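Okay, everyone, thanks for coming. Let me put the structure up, and then I'll talk you through the parts I looked at.

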Amino acid sequence: MTRVDLVSSMAAASGWTKAAADRALRALLASIRLSLKRGQPVTLVGFGTFSVARRKPRKGKNPRTGQPMNVSAGRLPRFKPSKELKRAVR
């Protein structure tokens with residue numbers, strides 16, 4: 001399902017126009033993005049939890065040359081589905 005498909009589905013389910021559903025989806029995603037940027041987890045009951053994981057610095061290998069290199073620490077977005085979502089997908 002693409003974003004356009006999701007907007008169409010939201011509009012049909014809510015009775016909103018596609019433009020209103022698109023604005024709602026963009027606002028939701030922007031709010032989730034901002035919370036994760038601040039390091040705050042986002043929990044949607046019955047769906048799952050978005051959070052930020054920290055990655056430690058490590059040694060790596062340049063795939064082109066094979067030379068060892070240092071990979072810096074970083075932050076990654078994570079998603080943990082709820083039990084309800086897991087059951088629905090099964």
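This is a predicted model: local features need pLDDT of at least 70, side-chain atom pairs count only at pLDDT 80 or more; totals for chains, interfaces and linings use all residues.

Let's start with what I call a pocket: on a 1 Å grid over the protein atoms alone, that's an open set of points where a 1.4 Å probe fits, with protein on both sides within 12 Å along at least five of seven lines, and lining residues have an atom within 4 Å of a point. Grid points are joined across faces, edges and corners, and a volume is the space filled by probe spheres set on the points.

Residues are numbered from 1 along each chain as its sequence is written, and side-chain values use heavy atoms, with hydrogens and water left out.

So, the largest pocket comes out at about 150 Å³. Which residues line the largest pocket? They are L6, L25, L28, L29, I32, L44, F47 and F50. By class that's 8 nonpolar, no polar and no charged residues, where Ala, Val, Leu, Ile, Met, Phe, Trp, Tyr, Cys and Pro count as nonpolar, Asp, Glu, Lys and Arg as charged, and the others, Gly among them, as polar. Helix α2, residues 18–37, gives the largest share of that lining, with 4 residues. Helices here are DSSP runs of H or I with at least four residues, strands are runs of E with at least two, and both are numbered from the N terminus.

Also in α2 is L36, which is buried at a relative accessible area of 13%. My cut-offs are under 20% for buried, over 50% for exposed and partly exposed in between, with a 1.4 Å probe and protein chains only.

Now the aromatics. There are 2 aromatic pairs in the structure; rings of Phe, Tyr and Trp (its six-membered ring) pair if their centres lie within 6.5 Å, and planes under 30 degrees apart are stacked, over 60 edge-to-face, the rest tilted. F47 and F79 have ring centres 5.4 Å apart and planes at 50°, so that pair is tilted. It links distant parts of the chain: F47 sits in the loop between β1 (42–44) and β2 (48–55), F79 is in strand β5 (residues 74–81), and they are 32 residues apart.

On to the hairpin. Strands β3 (residues 58–61) and β4 (residues 68–71) pair antiparallel over 4 bridges; DSSP has to find at least two bridges for two strands to pair. R58 stands opposite V71 in β4. There are 6 residues between the two strands, and G66 in the turn has a positive phi of about 80°.
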